[in-house]
Amino acid sequence: MSEGLSRKSAESYASEGLQDALDSVEERIMRWDMATSESARLRFIWFDVPSEASSYLEAVDDLQNMIAKLNLTPDDRKDFACLDRAQNVLQQAMARLEEELRMLLEKHSESVDPDWLYDPISQPSFSSSNNDEKASHTSAEDEGDEEDLPVAQPVTDLNFTIDMLPSEVVADLNRIVKCMVGAGYMAECCHVYVTIRRMFLEESVFRLGFEKQSIEEVQKMEWDVLEVEISKWMQVMKVTVHVFFTSERKLCERVFLDLPSVAETCFVELARGVMVQLLNFAEAVVISRRSPEKLFKILDMYESLRDLLPEINSLFSGEDGFELRSEASTIWMRLAEAARGTFVEFENAIQRDSAKNPVPGGAVHPLTRYVMNYMRFACDYKETLEQVLGDDRCEDPRVFGGVTKCTGSLYPDNRKDSADDLSPWSIQTIWLMELLEGNLDAKSKLYKDPALSHLFLMNNGRYIVHKVKDTEIGSLLGNDWVRKHTAKVRQHHKNYQRTAWSKVLACLKDGGIHVSGTFSSGVCREVLKERFKSFNTLFEEIHKVQSTWTVADDQLQTELRISIAEMVIPAYRSFLGRFQQYLEHGKHPEKYIKYSPEDLETYINELFEGTSGSMSKRKYS
């Protein structure tokens, strides 16, 4: 009997000792209970009386140890009333720590000043000390002046991280986090951390000039507005990934030290909203109406995301980040699809350009300038286009335009085997040039004058060849292509000479002028007069018409005039030398011999100026 009483007495003493210890812990914790203490509601431990922070955490640790011991006690000897009381006190302690965690994050977090992107001065840092921050906090409360809040200082590049919180604050957060996670309050702890840090991250991104916009809003933008927004997006994406995300990841790892899985979860959750918003913008661009002018901005976005993907994959490397990694990769691939689709629209634009009115004067067609300048700009993206087009290459190099006719003409000497030696971008360029040539051939048929048709093809062919030779396009098409099309320009030159001047030169031939019998001279003066009159009429008509024709290329213009002069003037001089004597002693010889060889040269040098008014009224005398 005495032995049983002794055991009960021991248990009673132990229970009383536990009660006393719990009373002590409860008193230390409940002093800061916001529900029961007016003072606790108005003050924060880590901000107003940081000297008590360690004591408070020690009390919470003691309480957790008591609960652990009570849980290990067999049920037949367990003090359930004491356990229930301890757990209630712990719940109050966690509520207090949750508020302390929120307070520390709110009072010491700040959005990043974007000025350092444009006016680099120094390395990134938070210049305010802890006391300065406290003073700023007080000032903000007293005066409501947001300008007193500290902001991050300018940085010189994007190759490092920013300390988002002062080191001493990070240490305090880490102690609170460990205490809460150890007590089983990880979800509450993470919720507070993610909510606060996400808010400041979103504000930092907003301050860079990137506003939240729905996919529908982006799709409704006019292109000139969207173009500006895309440029913003690329800058914001770069800064967000390189600086903001990297810095937030670093902060998570420090706050949740020794809790890597929790750190990863919190980082992914706080970054998710911003990442999705940025990717949604790219998605909106991808699914928007495709038009040729969008290609270069789409390629800019493709390059930007391509360069960021390794870091994105590293930042979101865990299981929690799989969805974001996958989405970023998918958007990147869809940007490539959009670029290819935009090329289809470019091809379609070339094929659909079927103006019914010819360009005045056989000048270089606006389509030719547009296509060649477009291709020149596209060559600035050569490596990217090789990657984009190569990803979707198939046997038919004209896959993008859906054309299935024989591809042999694409390659030198009609050897289709040459395709194996050409890059995807080279093949695409050759095909686009073929589309342009076909369109120009069709447009040349709009001219009623065959000579003007050849001049039109010569003008456009010369422009194309020069653009090819003077830009990166030449390396894509190759020397054989340049030689072949230079020869085409020469052929159009010859065809022009033949069709424009053959009748004029026919007037300078001897056939039909020499006769026998009636005239002792052997020359029929009437026929000779008609020859000179016909020459004058034809030459004047050509001058009147072809002075309005246009050859903008100075070298081609000079070459044309020289070739015409070399063809016409010697023949005229010879004809004049042989037959001038038969008319100059007759009546009104000036009616027939109106021009000297020098006059002809002067008038030939007035051809292809593209001027019509005054020259059409010139009096030939």
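This is a predicted model, in which local features need pLDDT of at least 70 and side-chain atom pairs count only at pLDDT 80 or more, while totals for chains, interfaces and linings use all residues. Residues are numbered from 1 along each chain as its sequence is written, and side-chain values use heavy atoms, with hydrogens and water left out.

We can begin with the cysteines. The sulfur of Cys-266 has its closest cysteine sulfur in Cys-190, at 3.2 Å, which is too far for a bond, and the sulfur of Cys-189 also has its closest cysteine sulfur in Cys-190, at 5.3 Å, again too far. The structure holds 0 disulfides, a disulfide being a pair of cysteine sulfur atoms within 2.5 Å. Cys-189 is buried, at 0% relative accessibility, where buried means under 20% relative accessible area, with a 1.4 Å probe and protein chains only.

Another buried residue is Phe-210, with a relative accessible area of 5%. Phe-210 lies in the loop between α8 (186-207) and α9 (215-219), helices here being DSSP runs of H or I with at least four residues, numbered from the N terminus. Leaving aside neighbours within four places in sequence, Phe-210 is in contact with residues including Trp-233, Leu-278 and Phe-281, where contact means heavy atoms within 4.5 Å.

Finally, helix α14 (residues 366-378) and helix α17 (residues 450-470) pack with their axes 10 Å apart, at an angle of about 10°. The contact involves, among others, Met-372 of α14 and Ile-464 of α17.

Technical notes. Buried < 20%, exposed > 50% of the residue type's maximum accessible area, 1.4 Å probe, protein only. Helix = DSSP H or I, 4+ residues; strand = E, 2+ residues; numbered from the N terminus. Axes fitted to C-alpha atoms, helices over the stretch in contact; angles between N-to-C directions.
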